[in-house]
Amino acid sequence: ETREGVVVGTPHYMSPEQCSGDAADYRSDQFSFGAVLYEMLSGQPPFEGPSARAIIGAILVSSPTPLKRLRPDAPTEVERTISRCLAKDPDQRFALTTELAAALRQYESRRTRAAHGLVASLKRPAVATTLGAVVLALGAAGFLWARGAGERWAQNEALVEIASLTETGDLYEAYRVA
């Protein structure tokens, strides 16, 4: 059980209101959740320091390094969600934790639809037929190229080598190359 005015928590994941000993509510949990997500994506906590006191000071006055700087491939929507969770002022965080969950579900839904969109488009007959024709054409071209490789070698390299060997008197080697 926690009381107002008492600091309790793991410094890296404490909200500013917890660090200050102020009243904490569900928005404090959003801050902690944002800190965990930030660390999961970046590999480092959003606020660091050599001691618990320094970490608490950083939480109260500093901003974390932008996630995009640490992970350029991080989705912008996720970065915005985490930044909102890590807002110093609880009123700037999500009004309800269900809104936070909805934001993450919406991102996941778009990501899943994009992945399924590719699979779905491959299931359409016109796309599948076109893709199949391209694969067959590439295979046929590769086969024909490989089939003519011996002839190209004979014309471009072997004749020159045979002539050179004949001129130097190495008739056996010229015969072997031929």
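Predicted model: local features only at pLDDT ≥ 70, side-chain atom pairs only at ≥ 80, totals over all residues.
**Entry 1: the core**

I started with the largest nonpolar core, which has 17 residues. Ile-59, Ile-82 and Leu-86 have the most contacts inside it. Then I looked up which elements give two or more residues to this core, and they are helix 2, helix 3 and helix 5 (76-85). Another core, of five residues, lies apart from it, and I found Ala-158, Ile-162, Leu-165 and Ala-174 among them.

**Entry 2: Leu-86**

What does Leu-86 touch, leaving aside its neighbours within four places in sequence? I got Phe-31, Gly-34, Ala-35, Tyr-38, Pro-46 and Pro-64.

**Entry 3: helix 3**

Next I went along helix 3, residues 52-61, and noted that Ile-55, Ile-56, Ala-58 and Ile-59 are buried. They sit on the same side of helix 3 because they cover an arc of only 160 degrees around the axis. On the other side I found Arg-53 and Val-61, both exposed. I also checked what covers the buried residues of helix 3, and that includes helix 1 (16-19) and helix 2 (26-42).

**Entry 4: Arg-93**

My last stop was Arg-93, in the loop between helix 5 and helix 6 (97-123). Is Arg-93 buried or exposed? Its relative accessible area is 2%, so I wrote it down as buried. The Arg-93 side chain has a polar contact of 2.7 Å with the side chain of Glu-17. Not counting residues up to four places away in sequence, Arg-93 also touches several others, including Ser-15, Pro-16, Arg-27, Phe-31, Arg-84 and Lys-88.

Methods
Residues numbered from 1 in each chain as written. Heavy atoms only, no water. Buried < 20%, exposed > 50% of the residue type's maximum accessible area, 1.4 Å probe, protein only. Helix = DSSP H or I, 4+ residues; strand = E, 2+ residues; numbered from the N terminus. Arc of directions from axis to C-beta. Contact = heavy atoms within 4.5 Å. Core = buried A, V, L, I, M, F, W, Y, C linked by side-chain atoms within 4.5 Å. Polar contact = N/O pair within 3.5 Å; in protein donor to acceptor, adjacent residues only side chain to side chain.
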